[in-house]
Amino acid sequence: MRSAQQILADSAVIAVVGASRDPRKAAHSVPLQMQRYGWRIIPVNPTADELFGERVYRSLADIPHPVDLVDVFRPAQDAVDVVRDAVAIGAPAVWLQLGIVSAEARRIATEAGIDYVEDRCLIVERAAASLTRLG
């Protein structure tokens, strides 16, 4: 299993499940900051059409190209289905944001052989490792 920072270093395209239109929410500011550091952010939200200058998809299954990482901004009880969906699309890693923990989601990811991070923040790990995908 790769470390959180190695997963970020290896990822270029991040699908963000639960991406928010509300700039006051972490589900908006975190993906936006990751985008500013060079990651391609693919928002997944059933009620928006465009976020961060990208088309929004209703579900992971609707994304027409591979993603390197599925980042989850949904309650822990929803994380189980999101991890199942991530496995179904062949995502190599799943990341549950700060405060989101699910033993069942972890079990599903582990059994599928994909990397799994929970209760950690993308931007904190990015900053700690001084990671960027720019130039």
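**View 1. The segment after α5 in the predicted model, with S130.** In this predicted model, S130 belongs to the segment that follows α5 (122-128). S130 is exposed, its relative accessible area being 63%, and its phi is positive at about 50° although S130 is not a glycine. Most residues other than glycine have a negative phi.

**View 2. The loop between β3 and β4, with F52.** F52 is placed in the loop between β3 (50-51) and β4 (54-55), and its phi, near 55°, is likewise a positive value in a residue other than glycine. The residue F52 is buried, with a relative accessible area of 13%.

**View 3. The loop between β1 and α2, with D22.** D22 lies in the loop that connects β1 (13-17) and α2 (26-36), where the side chain of D22 reaches the backbone nitrogen of R24 at 2.9 Å. With a relative accessible area of 19%, D22 counts as buried, because the cut-off for this class is under 20%.

**View 4. The open sheet of five strands.** The strands follow the order β2-β1-β5-β6-β7 and pair in parallel. β2 (40-44) and β7 (115-117) stand at the edges with a single partner strand each, so one side of each of these two strands is left without a neighbour in the sheet. On average, neighbouring strands of this sheet are turned by 20° against each other, direction ignored.

**View 5. Strands β5 and β6 with helix α3.** Strand β5 (residues 69-72) pairs with strand β6 (residues 93-96) in the parallel sense over three bridges, and D71 has W95 in β6 as its bridge partner. Helix α3 (residues 76-88) lies across β1, β5, β6 and β7, and runs at about 160° to β6.

Terms used: Residues numbered from 1 in each chain as written. Predicted model: local features only at pLDDT ≥ 70, side-chain atom pairs only at ≥ 80, totals over all residues. Heavy atoms only, no water. Helix = DSSP H or I, 4+ residues; strand = E, 2+ residues; numbered from the N terminus. Buried < 20%, exposed > 50% of the residue type's maximum accessible area, 1.4 Å probe, protein only. Polar contact = N/O pair within 3.5 Å; in protein donor to acceptor, adjacent residues only side chain to side chain. Pairing = 2+ DSSP bridges. Axes fitted to C-alpha atoms, helices over the stretch in contact; angles between N-to-C directions. Contact = heavy atoms within 4.5 Å.
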